[in-house]
Amino acid sequence: MQLLGNGTNLLLIVLGFGMLIAVHERGHFLAARWAGIRVDAFAVGMGPAFLAWRRGVGLRFGSTASEVERRFGCPPEQVSMPRLRAAGVGETEYGLRMLPLGGFVRMKGQEDLRPIEDGGAADTDSYPACAVWKRMVVVSAGVVMNLLLAIALYVIAFMAGVR
C-alpha cells in the first residue's frame with residue numbers, strides 16, 4: 001500500500017496536521033483570553049493570508065487589516081479595544097495562511113525576537129504585563145490541548161473498536 005499514492009491521501013495528511021496545529025494554537029488562544037491578554041491574530045499556516053475573518057468585517061480573501069485600517073485610520077493593533085467594540089469590530093483576526101505549515105497566535109506585546117524590549121508592558125492587556133504564572137499557563141496550553149486531543153482520539157478509537 002502506498003501512503004502517498006494519490007492526492008486524497010496527501011490531502012488527508014495535510015488536513016490532519018492542520019487540525020492538530022489548530023487545536024494546539026486554540027489552546028494558546030483560549031489561555032491568553034482567560035489571562036486577559038489581547039489576541040490580535042489566530043492563524044493556521046504561515047506566509048500571507050489566504051482567507052481571514054474578523055467580527056464586524058466578515059470573511060475576506062487576504063487579510064482584514066486593510067479594512068480595519070480604512071475604518072479607523074491606523075493598523076488594527078493600534079486601535080483600542082473600546083473603540084473596536086463600539087464599532088462592532090473584533091480585535092482578533094482568524095485566518096488561514098498560504099503555506100500549510102505551522103500556525104500562530106499573535107498576542108499584544110509578545111515580542112519573541114526582542115524579548116528584552118518593553119513590547120507594550122505598560123498596557124494591562126499585553127503579554128508582558130501579565131503575571132508570570134499566567135504566562136506559563138498560556139505557553140503550556142498548546143501542549144495540554146494536544147494531550148487532551150490524544151486522549152479523546154484514543155477514547156473514540158477504542159469505543160469504535162480497534163484490532
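In the predicted model, glutamate 93 and arginine 54 form a salt bridge in which the closest N and O atoms are 4.0 Å apart. Because glutamate 93 belongs to strand β3 and arginine 54 to strand β1, this pair ties together parts that lie 39 residues apart in sequence, and both residues are buried. A further salt bridge joins the side chains of arginine 38 and aspartate 40, with an N to O distance of 3.0 Å, and these two residues are likewise buried. The count of salt bridges comes to nine.

Another of these pairs is found in helix α2 (residues 65-72), where arginine 71 and glutamate 67, being four residues apart, are separated by about one helical turn; their side chains meet at 3.0 Å, N to O. Arginine 71 is partly exposed, at 37% relative accessibility, whereas glutamate 67, at 12%, counts as buried. Through shared partners, salt bridges join Arg60, Glu67, Arg70 and Arg71 into one network.

The largest nonpolar core comprises 14 residues, of which Ala32, Ile37, Val39, Val105, Met107 and Val138 touch the most other members. At least two residues of this core come from each of α1 (7-34), β1 (39-54), β3 (93-107) and α4 (132-160). Beyond its neighbours within four places in sequence, alanine 32 contacts Ile37, Val39, Met107 and Val138. A separate core of seven residues includes Val57, Val68, Val79 and Val89.

Notes:
Residues are numbered from 1 along each chain as its sequence is written. This is a predicted model: local features need pLDDT of at least 70, side-chain atom pairs count only at pLDDT 80 or more; totals for chains, interfaces and linings use all residues. Side-chain values use heavy atoms; hydrogens and water are left out. A nonpolar core is a set of buried Ala, Val, Leu, Ile, Met, Phe, Trp, Tyr and Cys residues joined through side-chain atoms within 4.5 Å. Buried means under 20% relative accessible area, exposed over 50%, partly exposed in between (1.4 Å probe, protein chains only). Contact means heavy atoms within 4.5 Å.
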